[in-house]
Amino acid sequence: MTVKVPAVRSNRVIVKAHTLRIEEERFGWKLILPSVIIIGSLIIYPIIYNMYLSLFDVKLQGANIYIGLQNYKNVLTDPSFWHAVLTTFIYVIGTTIGTTLIGLGVALVMVKNFPFRSLVRALILLPYIAPVISVVFSWQFFFDPVNGLFMHVTYDMLHLFEKRFSLIGSPQNAVIVAIIFNIWRSFPFSYLMILSRLQSIDNSGYEAAEIDGASSWQKFRYITFPELYFVIGSIVILRVIWNFNKFEDVYLLTDNVKVLSVYTYFKAFTGVMDQGQGAALALIQFLLLIGFILFYVKKVLKW
Amino acid sequence: MVVKKKNIIRKTGFFLLILLIVTFAVFPFLQMLSLSLKYQFDWGNPSLIPKKINLEAYKELLNIGTKLRAVPDSIKRLLENKALTRAQRRSITKKYQETGDVFPFLRYFGNSFFLSFTASFISLIVATLGAYSFSRINYRGRGIIQRGVLFVYMFGGILLLIPLYQVAIKSGLARTGSGSFISLLIIYMVQTLPVSLYMLGNYFRSIPFSIEEAALIDGCTRFEIIYRVIIPLSLPALSTVFIYAFMIAWNEYLFASVFLRSYKNLYTLPIGLKALFVSKNAIWDRIMAASILTATPVVILFMIVQKNLVSGLTSGGVKE
């Protein structure tokens, strides 16, 4: 008798704990459900619908016509598509390396103590937070052939060129400007990530190295850099993903630089508005990105 | 002595470096401000300080004192005629106000503000519940959802643009201005949702569970805990996420340019500015003044939450 009572009670506790857990699970699902429905119906479903559309000749009015893989064939045999791929790679590589290096350099400076440091730190975030649309015109003015400062310095003062011209007027030069513009806009991001890592490095390693007579380069190479390796690796992959898909930063500055997003935009929303081909293009761009990420994760991060 | 000299060189070099970095970051903004205040004859002058201050651009954009400027004198005389009813008078002046010569900056500003505010507010509510769920409650499928949110980061806007546009066309939403506007509102909410979920999830995990336990023992239900304990505790994080989402929507160009293309009254600031720049060649003072006014709210919001935003940004990267 004396044994029975606690047994019953503990059974009841288990049952109660079990229903509590089910209740908890149900509550968790209730809370996440709106997010799941929204993301499912407005992100996942459209992507599947995009695959479906890429198999059709999409009409703006009336029914779509099934054409199988014709859109893909059209895209892949078009030399301007391959040119866009090349431009995208140049853009992504240039911007990623540029932002990471400049971010690293700026972080190494900002980690030191100097007067007005917090003001300076706030000021250099401005490019990152200001809306793209509000800064593109200032950059365009900078390269304006008539009034811009760039021509004033290179033509009037240094006599580097034979006549005034717009540096963003031709595709070859414009891609360089687009890269510099993107570096300017996003270096604060990599700087912030690197700075927060730098600040958490323990000082004792440096002190020991100093006693051993290490040079500042050696200190950077053997103490700082290994600590930063992971954060730099993640900056690179984030920047690759974002810059590969960049649209606004390029298109609003100049429509001369046809990276894939801009190329697709022109195909799908100007002229004949070939949205079927646009859908195929968007999907190809996505697959290229996934391919690159898998390669990067395996070969560079060696996961 | 030698050491001292070397030190001085080092120090000046260091300050020059800081000066260089700050100039690189800030110069485009200074140029913007300077140009918005310059008269046309002054545009080619490389100095950043205007020879004469010109406030016309700001006045025009903000609609100060320009109400009747475009109205010819003959019409003005007609307006003074006492025989006219008020409604007639208003319809006449209205004709002259919307000549298209004036850039309806305030209306675009209003459109942008309404879209960004509503979208990020709804997204914040949905994300608070969702983030609480997957950061605090154990259930099957939680891991998939968490990873799924990260996966969504990889999708560029262009991948969603065509299918969503097709859906809007086929469902008839894109046929009316209000339908397009609502579509855009929903899209902005969706676009800011993954970021909000991710940032809030990270934050909720940093709140000690013991606080919730105490509330549970006091007899609070789970839902009460969310709005009595979690929300008050995470107000700084919530406002940061809200402002971040607001900034995403405020900056958005791609979807707005497609959905609002044929509804000029509903333009947001980014497409309005771009259209202004394309339609009229080189009216630099107005373009720059509009740029400054577009950037100002975002910069102010940023300054309010600077500290939180910076730590939020660095806690694992945020979608752009």
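The lining of the second largest cavity in this predicted model divides into 7 nonpolar, 8 polar and 1 charged residue. The volume of this cavity is about 120 Å³. Of its 16 lining residues, those closest to the centre are A:Phe141, B:Gln31, B:Lys38, B:Asn45 and B:Pro46. Two elements give two or more residues each to the lining: α7 (149-157) of chain A and α1 (2-36) of chain B. The largest share, 4 residues, comes from α1(B). Over the whole structure, the search finds 4 cavities of 30 Å³ or more.

Rolling a probe the size of a water molecule over the atoms shows where empty space is left. The largest pocket has a volume of about 1,000 Å³. Its lining comprises 26 residues. Nearest the centre of the pocket lie A:Leu108, A:Val111, A:Lys112, A:Ser216 and A:Lys219. By class, the pocket lining has 12 nonpolar, 7 polar and 7 charged residues. Chain A supplies at least two lining residues from each of α3 (79-110), α8 (171-199), α9 (204-211) and α10 (216-244). Helix α1 of chain B also supplies at least two.

The interface between the two chains was then described. The size of an interface is often given as the accessible area lost when the parts come together. Here, chain A and chain B bury about 7,900 Å² between them. Carbon and sulfur atoms account for 77% of that area. Within chain A, the residues that lose the most area to chain B are A:Ile129, A:Phe137 and A:Phe269. Together they make up 9% of what that side buries. In terms of contacts, 88 residues of chain A meet 87 residues of chain B.

The rule finds 2 salt bridges between chain A and chain B. A salt bridge joins the side chains of B:Arg222 and A:Glu24, at 2.7 Å from N to O. On the side of chain A that touches chain B, helix α1 (residues 4-53) of chain A gives the largest share, 20 residues. The residues of that side divide into 63 nonpolar, 17 polar and 8 charged.

Definitions and conventions
Residues numbered from 1 in each chain as written. Chains lettered and ligands numbered in written order. Predicted model: local features only at pLDDT ≥ 70, side-chain atom pairs only at ≥ 80, totals over all residues. Heavy atoms only, no water. 1 Å grid on protein atoms, 1.4 Å probe; cavity = no way out; pocket = protein on both sides within 12 Å on 5 of 7 lines; lining within 4 Å. Points joined across faces, edges and corners; volume = space filled by probe spheres on them. Nonpolar A, V, L, I, M, F, W, Y, C, P; charged D, E, K, R; others polar. Contact = heavy atoms within 4.5 Å. Buried area = accessible area lost by both parts, 1.4 Å probe. Salt bridge = Lys/Arg side-chain N within 4 Å of Asp/Glu carboxyl O.
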